[in-house]
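Let's walk through this one together, starting with how the chain is divided up and then looking at where the parts meet.

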Amino acid sequence: MTDVSKKSDFPILKRRIHGKRFAYLDSAATAQRPVVVLKAMDEFQRKHNANTHRGIYLISEEATALYEGARQKVAAFIHAQPNEIVFTRNATEAINLVAYAWGRANIVTGDNIIVTEMEHHSNLVPWQLLCKERKAELRVVPVTDEGAVVMKEFTKLLTHRTKLVAVSGMSNVFGTMPDLAVIARSAHRKNALVLVDGAQLAAHVPVDVKKLGVDFLALSAHKMLGPMGIGVLWAKRELLEAMPPFLAGGDMIREVSLQTATWNDLPWKFEAGTPNAVGAVGFGAAVDYLTKLGMGSVRRHEMALTAYALKKLRHIKGVSIYGPTSARLKGGVIAFNVQGIHPHDLATLLDREGVAIRSGHHCAQPLMQKFGVMATARMSFSVYTTKQDIDQCIAAIAKATKVMA
Amino acid sequence: MTDALYKATILDHHKHPRHFGTLKRSTHEAHLENTLCGDEVTMQFKVEKGKVIDVAFSGRGCAITTAAASMLTEAVLGKSLAAVKKLTSKDVDKLLGVKVGPAREKCAYLGLETLHKAFS
Ligand SMILES: Cc1ncc(COP(=O)(O)O)c(C=O)c1O
């Protein structure tokens with residue numbers, strides 16, 4: 001297994017945790033940042049900090065150019081046009097933007113919205129609210145125990161009253177990746193739109209919105225080696241043009257009188273108020289870094305790690321794994337439980353060994369109910385994860401089973 | 001591994017929780033869930049003449065949740081209602097013999113919160 005990136009690019013990974021080597025295995029919650037991202041943000045704050053789009057002086061022009069440059073980088077990363085890239089706080093806000101601006105303008109009583117059983121709460125609750133408000137129906141496509149969307153059921157639920165299919169591109173529990181192109185083709189045949197929650201997907205596999213043929217894509221920079229507090233909504237231009245604004249205020253307007261206002265061009269129509277310019281710059285640097293590694297290489301690296309970890313985990317007595325047991329079918333995330341050890345206890349015991357994993361319901365409570373568990377442990381990988389991290393985790397699990405036995 | 005949090009007394013209460021089960025007749029009871037992980041605790045009390053004369057708890061949880069709730073049941077049995085109502089998180093820390101730290105406070109104090117809910 002060849003490593004795709006240098007661990008030394010990520011300063012935080014040099015930390016010692018409780019005196020131990022640090023094995024960070026919670027990248028699905030948030031990924032760590034390479035030094036190029038930290039530098040780009042630092043440089044912005046030291047040299048170019050000014051409000052964007054507002055000042056007629058050098059550093060404001062620089063700030064604007066850097067902010068808009070970041071937009072171009074993110075656009076190129078997903079094969080979109082820059083004016084289709086709306087900066088938000090995170091994927092959650094991007095999804096809410098669609099639910100409020102597009103949803104409130106388009107969903108009426110009797111319509112339906114389709115989601116899957118494995119959605120993150122971010123891609124479930126906004127649609128619950130919208131459906132309740134509009135007396136529309138929220139339809140849920142089941143997933144198999146392996147985390148595959150049951151396509152037969154999806155086809156059955158899809159009707160001419162379906163307005164939107166909202167689906168995660170990669171499950172944060174199973175790591176499974178529904179066939180978005182197939183879903184989009186079926187949905188479009190019924191004139192339904194497709195929103196992809198790309199929070200996990202875009203960090204781990206190449207994404208081309210044109211090839212996928214979907215309509216909306218939500219991203220969070222912090223899952224993609226970028227900073228927290230910045231995300232993106234991508235949508236097809238026609239859709240953004242037709243949508244009313246979401247938040248109102250400065251920057252999103254063209255002309256304002258005391259009684260009325262007209263809207264700015266895309267994408268600024270959806271970016272009210274002073275933006276997180278430094279975050280956007282960090283996001284731009286992060287996608288540059290990922291592009292340099294090559295998303296194909298990233299995927300291969302993480303697939304090899306996943307295969308390795310699955311094999312090791314299966315050798316520990318009492319371990320159950322949720323989701324596919326083949327690395328080909330999933331991203332670098334493994335939800336599991338160890339018999340007799342509550343995932344919280346496991347996470348605490350692993351932390352003592354320098355290993356950071358997640359425990360809990362992973363913002364997917366309906367899925368936990370389906371499996372009849374309260375919570376699971378979860379390890380997840382990124383470009384900087386190594387076999388050594390996994391070995392350290394496996395050894396710590398073995399040790400934990402002894403403590404709790 | 002010697003680990004202050006997973007020391008013998010806590011593991012013992014986890015594996016053999018005291019007063020685990022339900023009371024046929026209780027005068028006070030409450031149920032609470034830890035929204036973080038879905039752990040849940042039900043506590044039941046039988047109070048007579050201002051004293052806790054019987055107690056039980058049930059639910060499911062991690063070692064810390066279970067041990068803390070179990071220790072709490074031992075601590076309140078036979079105590080006056082007034083004393084029980086005054087119990088604080090510091091008392092739970094004392095029972096556990098360790099401060100669990102911010103990440104596990106919700107677990108450690110779930111039983112205590114349930115107790116206070118029962119008597120509120
Ligand atoms: C699949 C999925 N969707 C959405 C989100 C929400 O991301 P954020 O909290 O950055 O908005 C997450 C992150 O936990 C996720 O894993």
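Which domains is chain A divided into? There are two: domain 1 takes in 7–32 + 295–403, while domain 2 covers 38–292. Keep in mind as you look around that this is a predicted model. If you mark the C-alpha centres of domain 1 and domain 2 of chain A, you'll find them 28 Å apart.

Now turn to the place where the two domains touch. On one side, domain 1 of chain A brings 37 residues into contact, and on the other, domain 2 of chain A brings 32. How much area do domain 1 and domain 2 of chain A bury between them? It comes to about 2,700 Å², with 60% of that on carbon and sulfur atoms.

Across the interface of domain 1 and domain 2 of chain A, 16 residue pairs are in polar contact, counting pairs with both residues at pLDDT 80 or more. The interface also has one salt bridge. To see a salt bridge up close, zoom in on A:Glu117 and A:Lys370, whose closest N and O atoms are 3.2 Å apart.

So which elements of chain A each supply at least two residues to the side of domain 1 that touches domain 2? They are α11 (295–314), β14 (333–338) and α13 (365–371). Of these, α13(A) gives the most, with six residues. Taken as a whole, the residues on that side of domain 1 of chain A divide into 21 nonpolar, ten polar and six charged.

Note on methods: Residues are numbered from 1 along each chain as its sequence is written. Chains are lettered from A and ligands numbered from 1 in the order in which they are written. This is a predicted model: local features need pLDDT of at least 70, side-chain atom pairs count only at pLDDT 80 or more; totals for chains, interfaces and linings use all residues. Side-chain values use heavy atoms; hydrogens and water are left out. Domain bounds come from an automatic or database domain assignment. Contact means heavy atoms within 4.5 Å. Buried area is the accessible area (1.4 Å probe) that two parts lose on being put together, summed over both. A salt bridge is a side-chain nitrogen of Lys or Arg within 4 Å of a carboxyl oxygen of Asp or Glu. A polar contact is a pair of N or O atoms within 3.5 Å; within protein, one must be able to donate a hydrogen and the other to accept it, and residues adjacent in sequence count only if both atoms are side-chain atoms. Helices (H or I, at least four residues) and strands (E, at least two) are DSSP runs, numbered from the N terminus. Ala, Val, Leu, Ile, Met, Phe, Trp, Tyr, Cys and Pro count as nonpolar, Asp, Glu, Lys and Arg as charged, and the others, Gly among them, as polar.
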